[in-house]
Amino acid sequence: MSIASEPRLTIAEAFDRLLRDGMPIRFEAFDGSALGPEDSRLRLRLLNERGLSYLMTAPGDLGFARAYVSGDLEVEGVHPGDPYDIMQALMSRLRFRVPSAPEMLQIVRSLGFGNLKPPTPPAEEHLPKWRRALEGLRHSKDRDAGAIEHHYDVSNRFYELVLGPSMTYTCAVFPKADASLEEAQAEKYDLVCRKLDLKPGDRLLDMGCGWGGMVRHAARHYGVRALGVTLSREQAQWAQAAIEREGLSDLAEVRFSDYRDVAESGFDAISSIGMTEHIGVRNYGDYFAFARSKVKPDGRMLNHCITRRDNRGKATAGQFIDRYVFPDGELAGSGTIVTAMQDAGFEVRHAENLRDHYALTLTAWCQNLVDHWDEALEEVSVGRAKVWGLYMAGSRLAFERNEIQLTHVLGVNTPADGRSSYPLRVDF
């Protein structure tokens, strides 16, 4: 029988041809076809042709995100603020196969050649990489500022609802499994302070300071004179207001500035918390060399960032993360971080993997979004809120599966003669 004379497949039948082990949850399409266990608590519903076109023109996470964010693909059995269960089922049990050329032709013919024309992406999607390239070199100051604005200048109130009172958008450190998110974020900042051996009167530079949590903690609890810099104007305004509200203006400052424009030097310590994900792997050498030029001999730098589980493969994130969450974001293995710090002249003294803590942090953030969903929708679009639920739940799963990690690397600007004040043993 020729391809032209073969019967057309339903949407569910066409999708089934692409699956190796079947659909682990219930899938229902607008043509009335269905796939997967009928009694499944978790369901996907494809509502219209546009959603089908999204899936066909961008197979994988980007097409799924477009259909879901636009409302053309609905999920049932989970809250949009925490779709963890459905993502776990799909990422753990969904296996695809590569069909033969005749099979692929039949699938496309059945679903409609017209659906191979990409629909306009949802408004929440950032420009593709080629369009960003027209606006400036990757990780130039202007392009970095645009990427940071896309992700962070959303709504400070939205971040308050998701992150909680600490306004800390980085991995917490849980002293015990049942600690609250606020306790864990305070412990994270304190751990960084202890690793940096901060003392009253020390000068701290926090590169990529977010809403100023680190500079405020160091100033309040360690008597440190702390300067933080961020490329997000809204973060800087919120942070400076918090500094003044908490009576820390004599010790702490947050500037709206590129870290490369910091003129001061001679800092006793430098913290970089969730910053290197944004600067580009090729720029690690310049980044850590800049940091070393700003810290005193015998001073310390603590780098806290998301890392890959190995040092092989590409550094760029997946398409969904790049278009909807962190434009131009890049990750590398912890070995790459250690090498870059060493090559810049830091003596690496300690490294620690905290990936389990990030899974717990993301669980708490998702719960915050669920608890404050209606309030969140007063600040951002439904699509934007869905992006956050999808991103945080997916990231939690990636940390749990050891696909990504969170690594602390502590370096010392050891003097040329090798003289060291680092203790023989440490107890952080």
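Hi everyone, thanks for coming. Please keep in mind that this is a predicted model.

Let's begin with the sheet. Which strands form it, and in what order? It is an open sheet of 7 strands, and going across we read E7-E6-E5-E8-E9-E11-E10, with mixed pairing. Strand E7, residues 252-256, and strand E10, residues 347-353, are at the edges. Each of those two has a single partner strand, so one side of each has no neighbour in the sheet. From one strand to the next, the twist averages 15 degrees.

Strand E6, residues 225-230, runs parallel to E7, and 5 bridges join the two. If you want a spot to look for on screen, find Leu-227, which stands opposite Glu-253 in E7.

Now for the helices that lie across these strands. Helix H9, residues 181-195, lies across E8, E9, E10 and E11. Its direction is at about 140 degrees to E9, the strand at 295-308. Helix H10, residues 213-222, lies across E5, E6, E7 and E8, and runs at about 165 degrees to E5, the strand at 203-207.

How do H9 and H10 meet each other? Their axes come within 10 Å and cross at roughly 70 degrees, which makes H9 roughly perpendicular to H10. The crossing is right-handed. On the H9 side, the residues in contact are Ala-186, Tyr-189, Asp-190, Val-192, Cys-193 and Arg-194, and on the H10 side they are Gly-213, Met-214, His-217, Ala-218 and Tyr-222. Sorted by class, that contact has 7 nonpolar, 2 polar and 2 charged residues.

Helix H4, residues 84-93, packs with helix H18, residues 382-400, at an angle of about 50 degrees, and their axes are 9 Å apart. That angle makes H4 oblique to H18. Here, too, we have a right-handed crossing. From H4, Tyr-84, Met-87, Gln-88 and Met-91 take part, and they meet Leu-390, Ala-393, Gly-394, Arg-396, Leu-397 and Glu-400 in H18. The residues of this contact divide into 6 nonpolar, 2 polar and 2 charged.

That's my tour, and I'm happy to go back to any part of it.

Key:
Residues are numbered from 1 along each chain as its sequence is written. This is a predicted model: local features need pLDDT of at least 70, side-chain atom pairs count only at pLDDT 80 or more; totals for chains, interfaces and linings use all residues. Side-chain values use heavy atoms; hydrogens and water are left out. Axes are lines fitted to C-alpha atoms, for helices over the stretch in contact, and angles run from 0 to 180 degrees between N-to-C directions. Helices (H or I, at least four residues) and strands (E, at least two) are DSSP runs, numbered from the N terminus. Angles under 35 degrees count as roughly parallel, over 145 as roughly antiparallel, 65 to 115 as roughly perpendicular and the rest as oblique. A crossing is left-handed if the near helix is turned anticlockwise from the far one by less than a right angle, and right-handed if clockwise. Contact means heavy atoms within 4.5 Å. Ala, Val, Leu, Ile, Met, Phe, Trp, Tyr, Cys and Pro count as nonpolar, Asp, Glu, Lys and Arg as charged, and the others, Gly among them, as polar. Two strands pair if DSSP finds at least two bridges between them.
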